[in-house]
Each structure stands twice: as structure tokens, then as C-alpha cells.
Amino acid sequence: MNTFFIYALTGGLLSSLGLLGFILHRHLLRRLMAFNLMGSGCFLILTGLSQSHQGVDAVPQALVLTGIVVAVSATALALVLIRRWYHLTGQTSLPEDVQSLEKTSSKEAQG
Amino acid sequence: MIEALLFLTPVWPLVVLVCSAAWRFAKGETASFGFLWLTAPLPGLLLAVLAEPDPAASFLELPGLFLGALWWLDEVRLVFLLMTSLLWLLAGCYARGYLKVSQGAKDQLKARLRSFEYLWLLTLAGNLLLIVAEDIASFYTGFAIMTFSGYGLVIHFRSHEGLAAGRSYLYLALLGEGLLLIGFLGAASQAAEPLMSQIPLILEPDNSLGLPLLLCLLLGFGVKAGLALLHVWLPVAHSVAPTPASAVLSGAMIKAGLLGWWLTLPLGTSNWPEVGQALLLAGLVAALGAGLLGALQFKAKAVLAYSSISQMGMMTSLVGVGLLDFTLWPALVPVLLLFLVHHGLNKGSLFLAVGMNERLPLRWTPLLWLGLVLPPLALVGWLGSGTLNKTLMKGVLYEAGWQPLVFWLTLAGLATSLLMFRYLWLLYLARQQLSQQEKQPQKINFWMLGSWLLLLILGLLTPWWLPLSIDNFLWPDQQGWLDLAWPVLAGLVLAVLAWALTRRSSAWQKWVPPLGDLLVVYRYLGLGLLKGVRGLIAGWDAAMQQLVAWLGSLKSLGLLMDKISYQEIAWRREAALIFTLLLVVLSGLLLL
Amino acid sequence: MSSLLQELPQLLPWLVILPLFWALFSLALGVLYRHWIAGVFIFLLLATNLILIGQWLLLGDLYYSLGDWDVPLGIQLRLDGVALAMVTVTSLVTAACSLHASTYLDDYPRAQQYFWPLLAFTWASLNVIWLSADLFNLYVGLELLGLSAVGLVALTGQTEALGAALRYLYAALLGSLAYLLGVALIYSGYGQLDLPALSGLLESDASTRLALALMTLGLLLKTAIFPLHIWLPPAHGKALPPVSALLSALVVKASFYILVRLWLEAGLQVVVPSAAQFMGALGAGAVFWGGWMAWRQTELKMLVAYSTVAQLGYLMLIFPLMVGVSPTAAQLAWEGGWLQLIAHALAKAAMFLAAGNLVLAMRRPDIIGLHGVGRFLPFSLLGFGLAGVSIMGLPPSGGFMAKWLLLQSALASGQWWWLLVLAGGSALSAVYIFKVYQQCYIEDTEVDNFRHPSLLLDLSSITLALLALSLGIFSAWPQALLATALSGGGV
Amino acid sequence: MLDWYFWLPLLVLSTSLVASGFIFWINENRSQLRSGINLTAAVLKIALVVIILLGVMGGEVYETRFALLADIDFVLRADALGVMFAGLSSVLWLFTTIYAIGYLEGTPNRRRFFGFFGLCVASTLGIAFAGNLFTFLIFYELLTLSTYPLVVHRGTAKALRAGKIYLIYTLGGGLVLLMGVLWLYGLAGDLSFYGRNHLDALAVTQPAALKWIFFLLIAGLSVKAAMVPFHGWLPQAMVAPAPVSALLHAVAVVKAGAFGIVRVVYDVYGITLTWELGLLLPLGIAAAVTIIYGSIRALMQEDIKKRLAFSTISQVSYIALGISLFGPAGTIGGLVHLLHQGLMKVTLFFCAGNYAETLGVHKIKDLDGAGRRMPGTSLAFTIGALGMIGVPPVAGFISKWYLGIGAVAASNYWVLGVLVASSLLNAAYFLPVLYRIWFRPQEQPWPHERVLGRWDTSLWLLVPALVTAALSLLAGVFAASGFSPLTWVELITSREYLP
Amino acid sequence: MILDWLLAGALIGTAAGVLLTRDLYRSVVLFIIFGLLMALVWVRVEAPDLALAEAAIGAGLTGVLFLDALGHLNPDKAAAVRQKYRQPLLSGLAFLLALGVTGLLWMALVDSPQPGVHLPEIVDQQLLASGVEHPITAVLLSFRAYDTLLEVAVILVAVVVGLALRFSQEDQPAETQVLSPLLQKMLVWLLPLMLMVAIYLLWIGSYRSGGAFQAAAVLAAMAVLMRMSGTPIPGHSNLYLLRIGLVVGLGLFLLLGSVDLVSGGNFLAWPEGWEKASILVVEGALTFSLGMLLFSLFEASPAPKQASMTRGGGA
């Protein structure tokens, strides 16, 4: 149990926490944040776990650096889409959630 | 020369057919029954006159035709050919007069006559083909062509009875064809070569297939030959067909059945006691029963038809004798040959006489009656061919020790005479009726008259021109004349008695069985069978419909599935949850 | 000829460099010369591809250490038979889609200048994935692919497409992270990322297995395997036709390709038959559910999209048919699986292009609009019809050959239940394909109200469809490619 | 390098393939050009088939072969049996094409029709020349695909429904066949039709599997051969235009199934092995049931084409029946019926089409007096019908003759009964039609009469019917001559099947 | 050690806060805090490069992006369609599954095997040959330069999509400008500082922590600040310049990577003897380009004039 491993475990917890958030949340921004939390957990595992085995290692750090950049690109892309989506529909969640609401409301209206 | 004639015998009618069709096509509607048409049976006749009755000399091999055709003439075939082509020729001449198309005839009528003309040729071709055919395929082909084309002749007038008669004819013909097919196929597959002459060799009592095949052939030809129980089509068909057609039907075509027996049954090669006895019995029943039934008929042609059944019954019983004792067969051959030609021609002239009776002007009545009574006399054995025939037959049977049969045949003579009295009486009545009609036949048609007379004479004189292997015919002795005389006289007494009894009331008429006697029963049975089959199929259909309905109920399952497919939207919402679930499951599977 | 091929330098990196350059050029120049640039680069790529085929035939599998750094330090490119097949299919399909898009996009002038860079990036990332054997490099490739694909879907900026793109993006992100988590575990445990090197090393401990499970799930989500397919139909159904074609034909296959490499090349000692059967069961679910849903669709492109879901299910059968079975059966499944992938790629691309043409012609998206198409637009229909033959798996088509091999494998391994899946799936696909065909024979009007698409649009679809069909006649060639890959891959 | 022995079978196929490609290409309105291409291709194909036929007679081997998969070859090979079927198809293609040109005059979608028509024939020829089960399977499915557009050609709701049913049956059958082929390949590898006794070893070790495979193969094939209970598609498919019915029923589809059964029994299993496994009797019984069932059903139909369809169901099973008889005569009977039935049934459908086109008559009860209005057509119909019944000297009799002889030779006496019963039933449903045509006067006007020239109807329609009728008559009359179908079949039998 | 535990606890707590907070704004703020905590964690993990990157990109840029987006989502309008809450049963299942995943990850972490290959040693051995002294830079730009190349492409793709969705739409989103006098004043001396920091980070990258990405992040932050304060950015309104700027980093990377390839060597093998120079050039180009890219991720909406130009070009 060294420092690195503590953070690896933290990364594990963060990952599942992020996953839970990703499952439970509807709001697109919140899901995106959950995704980022998950990503952070993932990076922690990569660095922490490998370093817990063989000390400081440049390779995972470089990988995580790449990962962070990729994650921010994805986040930015998602935000662009979300903004556009919101602009067009006024929704902040994925279409099916909205659809289901519309459907139930229309059903109620019919009923 | 002989080969060419052999070839032309069945082919020439077809050539004529094609020519006249082409002619008509090129020229439009023209007169039918031309001279070319009349020549159709001539090659056959010529062949019968010119050819040696020897297969080694008069044969024609056509390896490419059908399944390899072989046609030849032996003694029996020669006689058949002679009789058949003669009868067809004269009947054709008669028909030229009888069916003459009047100028203003309707299209409908013209069409009918045209089809008569074609079908006549086809029937003729088939009839001639089956006579000369030695290979089974040719024979069956000829037989089938004759049978199916004959249907058209039967229903020529398209009357209600005619069509009904045609149906009976066709049903029984089909039955016969089917039985024959089985018989031929079975025999052909067992024989060394598919030749007619091989068939009798197959039908050995040792052969396990012998009996079924024998029965198939016997019954199959029996339909045509008017065997008792299978005879029902004869009276109905003959009574409605045009007179010349009736003549060839009765004179030539039913003899084809006899020829079939002759060629295929193991006559002269092996004994089939049970079959022979049954055949003998059937023949006698037909000979006597047909007489009784025929005497109750109201149409002259129906009477003649029953007479044919009766006469064929006699011949059948002789065939039965042949099956019972094959040693006797060589002696029976000339008897049967003489019998069939004599009957064929005389019956032909009797039929033609019915037409003459309708068409001859009144002033010709004496001549008519002279012509009318001669063939009956011959049939009962008082005259010419009849006398010699009966004497010959009885002589042979006596010698072989078949006295009881002679007695029964003599009794059959009584039946014949009854039929002949009835026939003459009906013609007399018809003539009476004719004389009271306003529109009398004025012109005399010499085609009709000539052919009738010629046939009459040829029939009466059969023994003198027929090439039989009999050196000299015996005339009957005193006892013989007596035997010939009493049935006729007894018949006369019975006829007078019957006339006396029935002249007052016609109540008896409703007790008379309908034309074709057993036909009613058959029809009833047939309809029942049809109903049964229909019921079966209806049941099957109902079951199928239930199945379909059940399948239709599966549609609700489909609707359920539809509902599930709408659920995919909800499913999308829970994608991450499903993802996690699968992750846990797969990890579990991998870790366990 | 052969000496020339031998002397040529290795061209592997050009498969990535060229499309990247293309992307940069078209990005820098915008709409200017876009067709010329596309033409030149497509030509160059096709030529490279052709030469590589020659080199491969001559020299066998090709390896390339990037920057001269050997594994485990550096990254190695690898071109074995399967990779070559994938690269070639990618070239063909993308070239055809480009041809289609060059005309089709005339209707979308604003999307044009960003379409071409994204297309080039997609091509580049696909080639990255086919050639790479490095787990993390594959992750980057997947991200590049995913983001370009999402971008292509969202390109028109219309509501439906945008929603689909969002859903697609979220699924892709989740999948990528799961995959990355697995990579993290693997790297921590083994200290290296190269698949061939790992293949002998992987042990059956919990960490490795969980890593495998995580990567598998991530890839399954990206491949849209039932029941994780839910993002696919809208994304593929609502995108522009050339984009749909590209996505269905190639993009989803990329993650599947990694999955197969992972399971059957590196992880064969780690995976257990029950897990393989589970994968097969997912495939079976995909086949039936996708087929059913395709049948229920009323929109043409949605039908085709669900058909992709179903067809992807067949691919999954490769796992149960290769894990824990005889070498013969495994060989058959290996060849059959890849052949199915190739055949589907060609046929589905053709089908989407044709469907796009038909929708364009009908001016409405639903199947009912097809009435009279057979009479007035036979060529637009032809591509769809021919592609349908392969999708249904009827001979003579690549789809049939692939199914035949899979069936044989199922028989040889004694797993008869996959026979039922294959047979049932074929029947179901016939049901939905003929649902479309049938409409084309109905004619309610004598008047031709259709918009007639340019011949180029029809030609691009027909060409692909013909390729899919002729794959059935010349399937011995790809089979030879695929067969060697297995023996070289160390199963 | 041009190696005729390699290319010729492929060339035969490609004549119609190329023709249909052209037809798809050229404009809908260029009907003259289209007819020209069609007829040229048809004649060319016949010429090629004749060349092959002469070569095969001389003992030559024509084989196209290349590898489809590592262990599976695509083989087209012209053997005597295949050439027989190819000859039938190509000859009837010519006549049907002529007929179709006349029949579809002025209707829309002719390009599609003739295009698929050509494809259909190409696949039929592929079936004929297929040299192994796999190749056979390919063309078998291709046939399904190429005939579907013909069935639904009219595009009516009824046609579409028929097409659906057709597909359900044939694709289902194809699937079953595929399973059988697959299993067999799994057990025995690439099964060429030209090896002998290759399953004998397997029969010792795995007889049960072989039996199941046989069942699968035959079941799959009997869908196209329309054997009970897989016959349901055929009467439905009658909504198609008459040339299609003629082609489907006389040649392409049903014969493909029957031909496949022949291949399976003789060339895959070998007749001896089939017999030893006890598989012939079930096949024979299935055929017999179909024969009787089809005839009874036909009897109940009011519609001419429907009646003919059920008649086909019944008649095609004669082929299977003949094969199920262990011995050369049965084989001859079955095989020769393949040709004879083709000629006769195509005639009947041509005539039915003529009645429908010229007079608008679809029901049997409306046929009264048709013989006078359309003597040529009616004559052809009569010949065909009599042939179906088995009346000599039309070709049908020859088939029945050999079937019957084969039945007795194989001691399957019940087959004789089936034959006769079926003949009687045939007579029962054909003779009334003939009766109406020839002997009943016309009582009401024709439902929808069109005058097409001075003859019965247009010569495009009349001549094919007359020619095929004449051919079926000649095939019977000159059965034993050198050029008849029978002679060829006997050659096949003597060469390959004499047990 | 205790510090680590505390830090870990704080991290988890903040993460939970991000997820559980009702208020979205507060959630975003917590998320930025989380990023800063992460930077601390990276320091503890002995990854100063990552700490820098996390602070600049993970917390800084991402946070700004979120805040910006949040500003665009009108909360009143968003509240109008509140999402239906999920069924408790499914939520329970989700919790259970998350628990299961946690357990599984725990198992995996604890059970993780010792690697047989020691990559850090190999990196050390080959460091000299790479031409740079800092191992992370060596990995990024030499050993695994391929990854980095593709990574740049990923950012480019994201920007392209952003551009496509903004440029291609007629209905442009409203301009965002936070005109704050304080900010403007601060910028006057903040900007040169940031620029210097960026150049320093870039330069130092070859020896120590720091490098192109971090430098680019600082540049991007600079640009964001300028944009927010309304300070004009040179060349910002020139579309072609923007394009070239976007492209130049990746383009140079590719070109220099191919130099050796074209001359018969290997792709991404820097020219013999020029390794360091090449890497520096690439890093420099990347810094500029990446900065532009990262900025464009934040804000890629130019003046309507350019948009119409684009349309004109497309027609």
C-alpha cells in the first residue's frame, strides 16, 4: 500500500461514482461532468496503479496527458452539440427523454 | 406394295383429315363428305383383299414410330380388317347421304358436321391402326384414338340424351382404358418384347401377375365388347348416335374389344378354368338377359344395341370356352370369325335400315320391307350366313361335348328372335307415323340406298366371300333346321302374346328398366363416391381454415411484439444502465 | 514487377499520412478545389493500397516501427492479411462514398467544406485502427474515429441529426472510457501495450479478466451490439447518405476489429467458453431484434440502419465459434466472420447510398413513397436490390459465402443452435428486404413525379453492390488473405 | 487462350445473362431492339446447346471450374442429364420469349420483365449445368430471386400477396436445402455430381445422418417441385402473366426442383445407395400422394390457370415417382416426363393465355364454343390436355408407359394404380374443358374480346402454342426415333444410371 | 500518507458533490474545484506535468467551457421541461451495479500482477537517443509521437465540428462578451506575463515538466480572457489566417515527421542529428496551433462577415 496505490483506489471509486452519475443523470451537462469524473478516475488508475508497481513512470504520465487532451476535446465537442441542441429544441437532455415526456403527456391528453 | 398399303391403312384417314382441313382453311366453308373423305378406308380394304394372311409376308416395321412400331397381318387380323374397312366404307357412303348439309344450314350445324367429318376419320384411323398393330404401343394408341374420337360421334346431335349417353360412354371407356393400361404395362414389362403376341405367353397360371393382368385385360376389352355389367354404355350410346355412326360402333368398334381378347388372352396356350367359367356365364347372361331387356325397348336402335350385347354375349361365351379348354380353340377360331363378320355386317345393315326407314319415300316401302326382314332372318339363323354360322358353331361344340352350351345358345336364339320382332314392330310403327306426317321424304338418296343394299347383300353372303380356312360349309340337317326353327316360332308366339297383352294398356311401360339398365345404379354409386370425396376435401379445407385462423390469432402475438418494439425508446434512456449490467455479467462470466 | 515491389519502400505509414494531409489541405482551402483534392488523394490512397497488396503477396505480413522505436517502447504498425483486407475495403467504400458525396452534397453547400476534412480524418483513423497493434494507440484512434463520425452525423445541424449525434457521442465516450480503463489495468499489470507481445503473456487473473471485460464492453458499445445498439439506428438513419454508408460499413467495424484482435489473438487463453457463448447470445439477440425492428420500420433509411444492427449480430458469432472448438471449426469461423464483415461493409454501404438516392428521388423518407420506383427509377433501385441480395445472404453474394462458412463452422463445432440463429436471421432479413422490394412493384400513378438523381449517385451505389455480389464469386481471394492471418496470428 | 471446353458452359449461361444486361440497359420504349436482342440470344443459346449436345453425345466433357472458397469449387459441367434440361429450357425460352413479346405488347415495365426473364433462364441453365451441390444451390437461389419480379410483375395487391407466398415457400425451401447441403458438406466435403459411390463409406458409419440429410435435401427441393405439402405457392403464383406461368410451371421453377431431386438421388447418393437406405419408397409415396392430391384439387378449380397449376403439381411429381422406382425403366419414365411435361404444360399455358388475352376468358365455364372462335389455340390445347391425360400418341403416354413398366419391374405394383387413377383424374378435369371448347355452342358473348389479326389471335401468341403442341405430339409419335427426347433419355440412362 | 488519504477523501467528496448538488451552477463550480484538487493529486503522484496540464486544461479550460455553456442554457427555459425522475427500482439497480463495479475494480486493482517488462528503465536507456532530456517529452514526441500526432488530430476534429455547427448555421448564437473594466485593466499587465509563461513552459519542456500542451493551454487561456474582455485579438477576424493557424501545427508535425521517411528513413523518426531542433520546432508550432485550437474550442464564432464569406465560397 503506497501513495500511488491509494490514488489508484481513489481512481476506482471515482470511476464507479462517475459511472453512477452517468447512469442516473439526465441533464446533458451533468452527464458530461460525470464523464469527466470518470475520466479522471481512469487516469488515476493508469498512473497510480502502474507506478505502484514500478515507481515513477513517464509512459503512463504521457498517456494520461494525451488522455486529458482527448477528454477536453470530447468535452468541447459535446458542449458545442449541446448548445446547438438547446438552441434548436430548448432541451437539455437527450431526445428520447424528451420524447418519452411528450409521449406520456400526449397520452394523458388523449386519455 | 403391301408395306405401303399397311402404312397407308391407318395413315390415309389422317392424310385425308389434314387435307380436308387444309382445304377448308384455304377455301373457306365448302361441302363436306367429299370423295376424298370416302376413300379413307380404301387402303385398308385393298390391303385386306391383296395381302397374304401371313405375318412373315405382310409386315411393316417402323422403328422410329411410337416405341418402335411393328404392324402386320395374320389370319385373324385380315378378317377383322376386311370386315372393318368394308363396314366403314359403306357406312361412310351412307353418311354422305344421311348427313348431307342443306344449303341454308346454320353455322352451328355446319360446325357439327365438320367435327363429325374429322372425328369420323380419326375414329377410323384408330380402328384400323389397332387391327394392324402388333406392338403394344401402336395397338393402345389405335384403341385410344378410336375410343376418344368415338365420343364425338356419339354426341353428334348434342341433344340432352346424347350428351348423357356420351358421358356414360366416356366414363366406361376411361375405365376400360385404365384397366387396359395396367394390363399392357404389366405385360410389356414382363414380356421379352412389347408385342401383342407376347402377351398371351405372359398370362400363365404360374405367373403370379398372370391373374391380375388377365383380369385387367379381360375387363378392359370387356367394356368395349359389351361384357355383361360393363355393357351399360352400349344401348344409350347407340340409340343417340347418328345412324352410320351406330352402324360402325356396333359393327366394327365393339369388335375391337373382341379382337383385343383374341390377341391378348392366352387362348390356345393355357387354361384358366375359373376365369373361363365366369366368362362363359357372363356371356350367356348377356346373351339372354340382353334379349329380354331389349325386347322392352321403345327405340329401334336401342333394341339393336341390346341385340349387339346379346350377340356379343354369345361370342363371349365361346371365348370363355376357349379359356376353359385351350385345345378346343383352333376349332373355335373359324366359328368366331364367321360369327363376328356375319354379325358385324348384318348389324350394320340393320342400323342403316333404321335410317332408310326414316328417309325412304313411301313408294319404296315394299323394297324397304324386303330389305328389312332379311338381316333379322339371317341373325336368327334362317338365312344365308346365319344358318351356316349357327350350324358350324353347334357342330364344333357338339363334337367337343358342350351340349349344354348348345342348348343355352339355342335359347339365346329365342332371345334374338324376340329382339328382331320387336325391332321390326318398332320400324313398322315408325313407318306408320311417317306416312301420317305432312312432310314426306320425296327424294331418294342413292348413296344411302346403294350402300345399304350392298351391305345387306354382303352380310347375307358372308361365308361365300370371307377368306376362312374352312373348305366347305355344312348346311343343317333336318334336326338342325328344327333347332333353328323352334326358337323363332316360340319367339313369335311370345311376341304375339305380348302384343295381345299390352295393346290395351301401357301400364307395363313403367316397369321397364330405363335405357342402359344398370347405368342408373352406377350413376348413383358414382355420385355417392363423388360426394364422399368432396366431403373429405371439404373437411380438409375446413381443417386448413382452422389452422389459418389459428395462425391469424398469432397476429396478436405480433402486436405484442410491436409493443415491445416501441419500448426501444425507453431502452435508449437506460443505455448506460444496460451497459453496466452487461459489464457486471460479462465480468462474472469471465471471472467464474 | 515483383522486384520493383520489393524495392519500393514500405508504404504503410502513408495510409495514415495521406488522409491526414488531405484533411489539412481541405481544411485550409475550404471549398476551393475540394473535388480535385479529394480526387488526388483518393487516387494516391488507392494506388498505395494496390502496391501494398502486391507487397503483401510477395513478402507476407509487413511490420513497421514508427520512429524506429521498437516495442515495447515505440509503436509498431502491422499489416497482416486481415488488416490488408480491412484497409482495402476501407479504400473501396470510402472512395465510393466520396464519389457519392461529391454530387450529393451539392444540396448542402454549407456542410461541404467541413465534410471533406471530417471524411479524411475518418479514413485516417480507420487506417490507424486497422494497422495498429498498440492498445493505447488504438484508444486514440477510436477517439479520433468517434469524434469525426459524430461530427459527420451532426454535419447538417438539423434537429434529428443533432440528437442522434449527441446520443452517439455519449455512447462513444462511455465506451472509450471503459476501454481506457481496461488499457490502464493491462498496462499496470504487464508494463506494455503491444498486442502481439501481450498475446503470450496474458494470465487468467482477476485484473486481466476484468480489463478484458471492460474493454469488451466498451468496444461492444461502440460496435452497437444488441442491446447496446440503441444509439446506432438514429445516428445512421438520420445522417446524410454517404455518411450513413461510411458509418455502417466501416466505423462500427473498427471497434469490432479491435475486439476480435483482443479476444482471439491476445486473449485466447484468458477467455472462457461461457463468456464466448454470452457474446454469441448477444449476437443472436442482435440478429433477431435488429431484423424484427427493421421489419417494423416505415422509413427506408431507418430500416437499413436496423438491418445493420442485425448484421452486426452475425459477426458476434465468431466468438463462440472460435473459443474452445476444434481448429477446423475455428478456421472456418475466422474466415467466415471476416468475410461477413467485408461483405456487409460493401453491401451496406451500397444500400445506404441507394436508399439515399431513393429518398432524394421520392422527396419523402418512407417506404410507401417507393411506389412506381421500379418503373421510373430502375437504376436507383438496382443498387438497393443487388445489395439486398448480399444482405439476405442469398447466393451468389459475399454475404452468402460468409454465412456458409459460419454455418459450416457451427456444424463442425457441434453448436447447432447457431445454425438456427443464422438461418432465422437470413429469413428475417429476407422479410424486411422484400418488404422494400415489394413496394417498388406497386404503381399507383402513370406519371413520373420523381426527382431523378444524377447518374453518379446511382453508379457509386451500384458499383459497391456489384462488388458485394462478386465477392460471392471471387471469395477465394479474400479467404486466402484471411486464412493466413489466422495462422500468422498464433491461434 | 480460348479453351472451348472450359468456356462453353459459361458461354451458354452468359448468352441470356448478357442479353438481360442489355435489356436492362436499353430504354423501355425500344421494344423492337429489345425483341431483337431477346430472340438473337435465344437462338444463339439453342445453337450453343446443340453444339454441346453433339459434343456430349460424342463423349466430350465441357467443364467450367474455379474455386469459390478454399475447398469449394464453382463447377459448370455439361453432362448428358444437364444438357437435356438445358435443351428443354433453351428451346422453351425461345418460344416463351416469342409468346411474351406478343403477350406484353403495349404494357408497361417490359424492360424489367424481359430482363428478369433472361436472368431466370440463365439461372435455370446454371441449375442444369451445375456440377456440384454448391453450384446447384447458388443457381437454385438465384432462380428464386429472378422469378420473384416476374410473379409480382403486375404490381396488384393480389400479385404482391402471391409474391409473398412464393417467397415464403421458396426461400424457406432454399434454407432447408442449404441446411442439407451444409450438413452433407460437413460430412463428406465437396460433392461433385460426377463422382460415383462417394457416400458409400459414409453410409456404413452414419446412415442415420445420411437419411436426415436426404430428407432435408428433398424437402428443400420439393418446395420448388411443388410436392405436397409444399405446393401452396404454385396456384397463388398464377396471378403472374401467362408467359411467366408457362415458364415457371413448365420449365424453370418446378423443373428445377424436380431436376434437383434427380441429381440428389442419382448423382449425390447414387440410386443403389438410396435404395439400400430405404429412401426410395418414402419418396415414391410422397410423389404418389402429390399426384393424387394435385389431381383432385385440379378437379375442383373453376379458373383455367388454377386448374393447370394444380395439374402441374400433380404432373411434376411423376418425375419424382419415376426416380423412386429402382430400375432403368422408371428412370427413363421420370426423366422423359421432365421434357414431355415441359412441352405439354407450356402449350397449355400458352393457350390459357391466348384465351385470356383474346377473349377475356379466365373461367372454364366461359370457354363454351371457344373451339370455333379459336381453332388453332384450341387444337393446341387439346393436344396438350390429351397428353396430360396420357392419351397416345401424345408425349405424355410415353412417360406413363415407362413409368408403368418401371413400376412393375421394381415390383411397386401400387404405382400402376396411382398412374391409372391419376390418368382418370386428369381425364376428369381436362375432358370437360375440351368438351366445352369443342362441343358446346357459344351461348354468351366473350367477356372481353379483342380482334388480333385474321387468325385466332396475334401470331406471336398463336405460333408458339402451335409449335409446342406439335412438338409434344411429335415427341410422342416419333418417340423411338433418333431425335426424340426418349432417345436422349435412354442414352443418359444407359450411360450413367444403369444399375 | 494521511495527507494522501485526506486528499483522496476530498476528491471523492467533491466528486460526489458535483454529482449530487441540485444547483447546476454550484455543480460546475465544484467541478472546477475538483480539477484543482486533481492537480494537487497529480503533484502527489509525482507527475508535475500532469499537474500543470490538469490545472490549465482539466480545471481551467474545461471549467471555462462549462461555465460558458451554462451561461448559454437559459435556466428558466431549461426548467420548463424538467426531466421525469427515473423509477426508484431502476435507481436502486443502478446503485447496486455501481457497487458491483466498484467491487470488481477493487478486485482488479488488488489482484493486478507485477509487470514483467520495466518500461521506465527502457525509457531511461533510450532517453539520450530521443534528443530531449525530459522523459515525458521524449515519450510524447519521440517514442510515442504517433499518439501525439493523432491526439492533435482529435482536437482538430473537435474544432472542425464546432466550426461546422457554427459557421454552417444561419442562426448564429449570440456573441458572448463580458465587458468588465476590472478585467480589462488587469489584462494590460496579465497578458504579457501569460505570454512569457507560455514560452517558458514550451522551452522548459525538453528538460523538465512543461511542454507544448501546457504552454498552449496558457495561450488559449490568454485568448479566452481577451475575448471575454472584448480586447481585440490580432488576426482573429481573418478566416484564412484562422484556418492556417489551425492547420499549421499538425501540418508541421506531419511534414517534419515525413522528412526522414521521404529520404528513405522512418516515419516520425526525426532527422538524424536534428532531433532536438525538430522537436522544438514541432512543439513551437503545436503550441501556437494548439493554443488556437483550444481557444477555438471555447469560442469559434467569428463575426457574421466571415460567415457570409464562407457561404459565398461554398456556393
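These notebook entries record what I looked up in a predicted model.

**Conventions.** I number residues from 1 along each chain as its sequence is written, and I letter chains from A and number ligands from 1 in the order in which they are written.

**Confidence in chain D.** I looked up pLDDT, the predictor's confidence in each residue on a scale from 0 to 100, and found a mean of 89 for chain D, with 99% of its residues at 70 or more. For elements I use DSSP runs numbered from the N terminus, helices being H or I with at least four residues and strands E with at least two.

Over residues 130–424 of chain D I read 78% helix and 0% strand, and the end C-alpha atoms are 37 Å apart.

**Chain E against chain A.** I counted residues as in contact if their C-beta atoms, placed from the backbone, lie within 7 Å. On that basis the contact takes 71 residues from chain E and 65 residues from chain A. Elements giving two or more residues to the chain E side include α1 (2–20), α5 (88–111) and α8 (145–167) of chain E, and α3(E) gives the most, with 13 residues. By class, the side of chain E that touches chain A has 49 nonpolar, twelve polar and ten charged residues, where Ala, Val, Leu, Ile, Met, Phe, Trp, Tyr, Cys and Pro count as nonpolar, Asp, Glu, Lys and Arg as charged, and the others, Gly among them, as polar.

**Domains of chain B.** An automatic or database domain assignment supplies the bounds, and chain B is divided into domain 1 (1–254), domain 2 (271–469 + 479–505) and domain 3 (525–591). The C-alpha centres of domain 1 and domain 2 of chain B lie 23 Å apart, and 32 residues of domain 1 of chain B are in contact with 37 residues of domain 2 of chain B. On the domain 1 side, the largest share, 13 residues, comes from α4(B), and by class that side has 22 nonpolar, nine polar and one charged residues.

**Backbone exceptions.** The bond from F226(C) to P227(C) is cis, with omega near -5°, and P227(C) is in the loop between α9 (206–223) and α10 (232–238) of chain C. P392(D) and P393(D) are also joined by a cis peptide bond, with omega about 0°, and P393(D) lies in the loop between α16 and α17 (395–409) of chain D.

I then noted phi near 70° at L268(E), in the loop between α11 (239–262) and α12 (275–298) of chain E. L268(E) is buried, with 29 other C-beta atoms within 10 Å, the cut-offs being 20 or more for buried, 12 or fewer for exposed, and partly exposed in between.

How values were computed. Predicted model: local features only at pLDDT ≥ 70, side-chain atom pairs only at ≥ 80, totals over all residues. Contact = placed C-beta atoms within 7 Å.
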